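Reader: Could we walk through this structure together, beginning with the packing inside?

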Amino acid sequence: MDRWRHTPQGASRAEQWPRACGASTSRREFTGHFHALVELRSDETHALEVCAQIEKDLPRVGGAFDELDLTPGGVAWNALRRVLLAFASHAPDVGYVQSMHSIAAFLLLAGADEEDAFWCLVTLVQEVVPGYFSSGMLGAKLDQRVFSQLLREHLPAVGLHVAALAADDIIAAIMSSQWLLTLFVNVLPTRVTMELWDEVFSCVHRAPLFAACIALLEPNAEDILATTEMGEAIELLQKLGDTLLQTADGEDDDTKCDAFMSRVRELIAKDLSPARVDGLTARVRGKQRRPSDIRLPKAITDVAASTDVDDLYIGLVSRDLQQKMAQLNAAAAAGAHEEKTSLRSEIAALKAAPIEDDRASSPQASMNDGDAPRPSASEIEPPSAPPPSSGLTADDVDSIAAQIVALEAHACTLPEHGSDVLALVKHTVLRPLRAIIESRLKPFREEIVFLDREFSMKTQRLRRVIDENSDGVSDLSQLVLRSQAYTKSVWPLWSESLFEDTVEQAEITLESLEQIRAELSWMVSVFVGEKKKEIAPKIPRAGWEDLATVNLMEAITPEPDAECLNASVQSHKNETENKLSEIRAAVTKTHEDAVRDLPVLRKNLSTTTGKLKEELSSEEDAVNSWASAAEKRNAFKQQSMQAKLRDASGGLLRAYDAKSLVVDASDDVSEENAVAGDVTTPLRTTTSRSELERSHAAEELRLQAALQNMKNLEMMLNRRANALEREKQTAASVRAISERTLSQTNASLLLVFEAGEWLESQLTARSSLGFVDKFEDIVVLAEELSTRARMSCARILQEWALFVRKLTSQVVLEYVSIIDTSTQAISDVQGVLDGHLSRLDSASSVGAGSPTFSSARALDPSVASPPGSLRASLGGLTTHMEKLTDIAGSKLGTIGNRLRNMGVTTNASDAASLASPRAAGASAPQAPLTTSASKASKLAMTCREDNERLESRRAQLLLKKTWLRQHVMERGHL
């Protein structure tokens, strides 16, 4: 056994193999891993099944291991068992597969210890023959196709013959599985297998295995071609390994083995190097695709599948052409057209956008104030100047659309980077126009005109009402209160007053302006490419009820000023120029690459088409070679048949020849001897028989012998006829296989010609100077369109910014003035409420001390005073309250009539109460004094609440005024 443990150069295989394949490195990196796997029993059922299968296969390792003691329970037996069990635990997705036992045993035979044998087995299974032993044996099935292709390339006639003898390359599949799956263990002599494994571990690749297949078939090609049946061919192929042990005159087995290994090394060095085998495997995957190929191991798929067309790209720098062609082919296969970048949607959006009519005046708002009469136009000051345009004019749209169409037409003429130009125009150049088209300035324009007019009308109405009711009286409470007597809360009167209505209108107008500022900010963000969907106003509208919850110190959204617009314009300009520069650099590189690639492509095209033409010629030569061998074989069989026929004809004649037949008168000649024509006893006449009887008997014997010879002759003819029929079928299969191969090769040649023509046209267009010149023309058009777009957007933004700034200033000024008036009115109302509160507090305290008072007396001095000292103490207060009440009643009565005429809701009873408060008090129903005191107490509480709410509202308005003046003045609005 020691003779197998060293290479011809004397090196120890037990040391060389693990070191060459990396098993020694794995052993050092994963110290103790093997022994842990041997002891692993996480799944007893699985372990028992694997052990049973291994022990069942160990006795069948083959004759190569006679020198390895594999007696059950022996040292080698246990070592092999442990190696296989460890591998099954190490790679549970693979497990144990038949033929692994022979490979592992061969490693032990070479002298490797158990752990080195384990790591070498891991390398062989996962790296040398990946996918051979995994589920589905995908790697082995792929290499069956590779083996068939190798036969067609290196032994074309043999490849045709074995393919014709059985469908679906069954013979090649059987032989490759028997040779490759076992790594030639028990196929070749042990010495040759050891040397073959030296080469396998040296390159850590399966290329030496394919080289061994070819080296084994080459010297036996004629014998293989002589077979006429599948079984005969398989039997011959299975015995080819034994031919290395057969000796000839003056030639021993070592000479044949040396010649075999010499041929293997020659093939590995040239035609079947690992790189070429990988290339052939990739070509087989590319030209003979199978759905299961997607599940091939990574060690195989690291080399991408390739076709003849892929050879055209070898050495090309313009790698984008391959992807471009793949997209074209995919689109053609799907029956769809290639999707190209287009500006049609941008043109459609531009034309669908609202057109700004320069002749249109600002829209007149439709106002509805219920039953309130509308002031005449002469009574209302004109509103602010109308807002600027919110979009493009019809002439602008037509002109810009024409520019876009012209630019797109020029871009489509570029052989490359036209889509990049269109993408730049789509996403960058036209971005300012998109900000205009997608903005909401048009509805905001209509809204702000309406709100500005409403605000102007309400402001002027408030001023007119104040002027009409001033008449030398500065008390604004008259415009709010409807009665001099306090009978219910006055808060609703204030909330529905013209003051609050005007304040609310100011808030709505400022809110609309804030929304416009937010929209302008959004347009600027789109302008510069920030891609914000929407910018919310910083100060949303809040009703005066919840104004206290709003952070009034929050800064409002700024309008885009000149600095902002200039920065945006410059940013867009720089972005456009930078991207154009990037495309220009790409165009220049594409041009230079094409100049370099064009001659390389032409060379590749010539090489690839030449190779395919050689394949066509080789296929024809293979058919001719097979036909020549078949013709020789047929001629030989015909000669052999003719010789057999001559012998059979001679035997037939001899069997019927009378001279060769002797009839014994006393003893019957056996029929068997007569048929065989072996009777040599001279014919003699006897007196016991007649001459006729003897003649009949002799002829009968001759006929029987002739008939037997005829049967033998018929059998020979039938066998030859059957053999001829098989040869005809084989010839027909060869023709069919050859025609299919020729058809596939011609189709590949056509694809290569078409692809080469397309690639050459692309590179020719790219390498021309006109390519660069066309791009420069497009740059000019793009810059003109970019300037037009950003200037249009900047103009609209600037006009709207100035408009919003100016209108905000006007509204704020009016709003501050309204706040001043409103806070004065609140103070006046609070003064009146203070008087009511004093009287109500007195009434409630008097009622609590003297239950005989009526509630009417507490509220009206016309009611009789209570007797005693209490009457004297309240007399003066009552008289003073009556005077104040008379004065307030007379004033409020006059103002109330005027407010009613302006649409303030009052009824006849309210007017009567204002004109004659005492009558109202006198007509009030009398109640016990305790009830009057309770009511006065409740009214006092309500009065305090009104006072507090009014004070809170006044504080809010003053805070709003402070905030408006501070922030708006800081922004330069005022």
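Author: Leaving aside neighbours within four places in sequence, F184 is in contact (heavy atoms within 4.5 Å) with W179, T193, L196, L209, A212, C213 and L216. This is a predicted model, in which local features need pLDDT of at least 70, side-chain atom pairs count only at pLDDT 80 or more, and totals for chains, interfaces and linings use all residues. Residues are numbered from 1 along each chain as its sequence is written, and side-chain values use heavy atoms, with hydrogens and water left out.

Reader: Which residues touch the most other members of the largest nonpolar core?

Author: They are W179, F184, W197 and F260, in a core of 119 residues; a nonpolar core here is a set of buried Ala, Val, Leu, Ile, Met, Phe, Trp, Tyr and Cys residues joined through side-chain atoms within 4.5 Å. Apart from it lies another core, of 90 residues, including I400 and W800.

Reader: Switching to L108, is that residue buried or exposed?

Author: L108 is buried, at a relative accessible area of 9%, where buried means under 20%, exposed over 50% and partly exposed in between, using a 1.4 Å probe and protein chains only. L108 sits in helix α6, residues 100-109, helices being DSSP runs of H or I with at least four residues, numbered from the N terminus.

Reader: And what does L108 touch?

Author: Not counting residues up to four places away in sequence, L108 touches R5, L68, A76, A79, L80, D113 and A117.

Reader: Where does M137 lie?

Author: M137 is in the loop between α7 (114-128) and α8 (138-154), and has a positive phi of about 50° although it is not a glycine.

Technical notes
Helix = DSSP H or I, 4+ residues; strand = E, 2+ residues; numbered from the N terminus.
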